[in-house]
Number of protein chains: 2
Amino acid sequence: MLEFWYEFASTYSYPTAMRIDDAAAAAGVTVRWRPFLLGPLFRDQQGLDDSPFNAAPVKGRYMWRDLERVCGEAGLAFHRPTAFPRDSLLPARVALAGDGQDWTRAFARSVYEANFVHDQDIASPETLAPLIAAAGGDPATALGAARGEPVKAALRANVEEAAAHGVFGSPSFITQDGELFWGNDRLEQALEWAARRHDVQGEYA
Amino acid sequence: MLEFWYEFASTYSYPTAMRIDDAAAAAGVTVRWRPFLLGPLFRDQQGLDDSPFNAAPVKGRYMWRDLERVCGEAGLAFHRPTAFPRDSLLPARVALAGDGQDWTRAFARSVYEANFVHDQDIASPETLAPLIAAAGGDPATALGAARGEPVKAALRANVEEAAAHGVFGSPSFITQDGELFWGNDRLEQALEWAARRHDVQGEYA
């Protein structure tokens, strides 16, 4: 099992979200999707009230070009969004409201496409409702639950859990034995680690 | 041809320095090694007077663990140095003093090993002299040239050239058509890009 910690505003999390389930299936690893927010971590860990890619424009310029290349190699559409980072609070809450339900991963992938292909405002219920429906969920139920205190508390708890694990960016991957990997370009290594540990556990089970 | 921009204090540049010449030969790409300093770039671009890995300890903790994994997979010895980042001014000047000479790359690799395997002070002439000799250079000549104004000016020019190319970290790779890649984990992609461009140029030459 591998935990996939993802933030909907995060650029490199888009290619990861689109490919992780197929890559994990090929590696024989199950994935648990864990939505969280990077804003509180950037603030608490680095004193930033913006994305590090905006705080250091020279890194931002490189990132946009690199992301274009990464998506191109992965065969993924990509258009640089006109707003970055986008407010991702509501879709993160919706993803948590649907935790464990069949529609949630397809919804999450479509939120990334809304942000990084279709340049849509992912904080808007008008954007999210059709994505929930297309993924097979019920928009009224999901958006209602997303506005409820249990889901809000669960998202805060996820952010705290991420921080406790040493997470500082997205995508991050955490194995069952607590190994942390950061970045779309570490997905294969994380899956390999998770598969190896699974083998070891199986051997001694 | 691919330019390899490297800073001797940089952690991820160590595995790159150890493997780039073999990887480039396998890809049919020639490499030009370009020493530079990250300190002035961190200061001018990000307002930092330290490594970003020290400025954000949560990223630093991850980096040391990740570097351990990266070196392990590459079969490279690694011991976390007791000082980081180490003053790299003198070895960078020595590398520039030897630019184009046969001993320089072996010297550069041995400086990385001094820093990240043997935990040595790479700013010390006593550390560097035997490394120059072991690589086949003349320590007195190289250290003398490293202290001369032409080499000092050449290193300042390298730093300015790096900044003009949008470099903000090490290792960085720049192709002949100006494409920038950053990080040890982008070496293969940079070589592929450089090889493809070389083919195209050959085709129309």
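**From chain to helix pair**

Chain A contains 10 helices and four strands. Keep in mind as you look around that this is a predicted model. If you trace chain A along its sequence, the elements come in the order β-α-β-α-α-α-α-α-α-α-α-β-β-α.

Now take a step back to the overall form. Along the principal axes, the C-alpha atoms of chain A fill a box of roughly 50 × 45 × 35 Å. A compact globule of 205 residues would have a radius of gyration near 17 Å, and chain A, at 17 Å, therefore agrees with that expectation. Of the 205 residues in chain A, 53% are buried. Among contacts in chain A with a separation of 6 or more, 71% join residues 24 or more positions apart.

Next, turn to chain B and a pair of its helices. Two packed helices are described by the angle between their axes and the distance between the axes. Helix α5 (residues 89-97) of chain B and helix α9 (residues 149-164) of chain B have axes that come within 9 Å and cross at roughly 100 degrees. Angles of 65 to 115 degrees count as roughly perpendicular, so α5(B) and α9(B) are roughly perpendicular to each other. On the α5(B) side, the contact is made by Leu89(B), Ala92(B), Arg93(B), Leu96(B) and Ala97(B). From α9(B) come Val151(B), Lys152(B), Ala154(B), Leu155(B) and Asn158(B). The residues of this contact between α5(B) and α9(B) comprise seven nonpolar, one polar and two charged.

Note on methods. Residues are numbered from 1 along each chain as its sequence is written. Chains are lettered from A and ligands numbered from 1 in the order in which they are written. This is a predicted model: local features need pLDDT of at least 70, side-chain atom pairs count only at pLDDT 80 or more; totals for chains, interfaces and linings use all residues. Side-chain values use heavy atoms; hydrogens and water are left out. Axes are lines fitted to C-alpha atoms, for helices over the stretch in contact, and angles run from 0 to 180 degrees between N-to-C directions. Helices (H or I, at least four residues) and strands (E, at least two) are DSSP runs, numbered from the N terminus. Angles under 35 degrees count as roughly parallel, over 145 as roughly antiparallel, 65 to 115 as roughly perpendicular and the rest as oblique. Contact means heavy atoms within 4.5 Å. Ala, Val, Leu, Ile, Met, Phe, Trp, Tyr, Cys and Pro count as nonpolar, Asp, Glu, Lys and Arg as charged, and the others, Gly among them, as polar. The radius of gyration is taken over C-alpha atoms; the globule rule is 2.2 Å times the number of residues to the power 0.38. Buried means under 20% relative accessible area, exposed over 50%, partly exposed in between (1.4 Å probe, protein chains only).
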